[in-house]
Amino acid sequence: MGFADMLRDLHRRHEELKYRIHNYRLPLSPAGQRFMGFVYFCIPVVGGYYLMQWALEKSEENIGKNGAKLRQLRGGAAEEQERQRAEEAQAAARFAARSNVNDRGSLDADSIVARR
């Protein structure tokens, strides 16, 4: 008996087993049906949770906590960009606090630059 014959026999026996299992019917009560619905609902939810935990671990492994390894690779450029964005946001907030806009919302980019 060769390897191919062994695989054919394994496949045939597996198909017979699948046929027996899938053709067996066990009637469930309404409570049993609700329970099985709950089980079928929970399987992908729990599986998805553990998949996301695995993905988070891989992410931290690859780029570090909160992207620390990534920032090191960029040579601090990301931190500089974040600092510049924060300064621009603070400047915009100071401008908005100083501005007294009484022109009924017609403030455009040119008038903002002119008022600075």
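Which helix is Met 6 found in? Met 6 sits in helix α1, residues 3-23. Helices here are DSSP runs of H or I with at least four residues, strands are runs of E with at least two, and both are numbered from the N terminus.

Before going on, the basis of the model. This is a predicted model, where local features need pLDDT of at least 70 and side-chain atom pairs count only at pLDDT 80 or more, while totals for chains, interfaces and linings use all residues. Residues are numbered from 1 along each chain as its sequence is written, and side-chain values use heavy atoms, with hydrogens and water left out.

The overall picture next. The protein chain has five helices and zero strands, and along the sequence the pattern reads α-α-α-α-α. Of the 116 residues in the chain, 5% are buried. Buried means under 20% relative accessible area, exposed means over 50%, and partly exposed is in between, using a 1.4 Å probe and protein chains only. The chain's accessible surface comes to about 10600 Å², and carbon and sulfur atoms account for 59% of that. Areas are from the Shrake-Rupley method with a 1.4 Å probe, and for residues only the protein chains shown count as cover.

Back to Met 6. With 44% relative accessibility, this residue counts as partly exposed. Together with Phe 3, Leu 7 and Leu 10, Met 6 forms a nonpolar surface patch of about 420 Å² accessible area. A patch takes residues with over 30% relative accessible area and no salt bridge; like charges are joined within 9 Å, and nonpolar side chains (Val, Leu, Ile, Met, Phe, Trp, Tyr) within 5 Å.

Now the charged residues. Side chains of opposite charge can pair when their charged atoms come close. The search of the whole structure finds eight salt bridges, each being a side-chain nitrogen of Lys or Arg within 4 Å of a carboxyl oxygen of Asp or Glu.

Arg 12 has 41% relative accessibility, Asp 9 has 23% and Glu 16 has 42%. Each of these values makes its residue partly exposed.

In helix α4, residues 77-98, Glu 87 and Arg 83 are four residues apart, about one turn of the helix. Their side chains meet in a salt bridge at 2.4 Å, N to O. Glu 87 is partly exposed at 41% relative accessibility, and Arg 83 is partly exposed at 39%. As for shared partners, salt bridges join Asp 9, Arg 12, Arg 13 and Glu 16 into one network.

Next, helix α2, residues 30-63. Its 34 residues should span 50 Å at 1.5 Å a residue, and the end C-alpha atoms are 50 Å apart, so the two agree. The expected span is 1.5 Å times one less than the number of residues.

Where is the kink in α2? A kink of about 25° lies at Cys 42, shortly before the proline Pro 44. The bend at a residue is the angle between axes fitted to the seven residues ending there and the seven starting there. After α2 comes Gly 64, with a positive phi near 85°.

Last, the aromatics. The structure holds one aromatic pair. The ring centres of Tyr 49 and Tyr 50 are 5.3 Å apart with planes at 80°, so this pair is edge-to-face. Rings of Phe, Tyr and Trp (its six-membered ring) pair if their centres lie within 6.5 Å; planes under 30 degrees apart are stacked, over 60 edge-to-face, and the rest tilted. Tyr 49 is partly exposed, at 48% relative accessible area, whereas Tyr 50, at 55%, counts as exposed.
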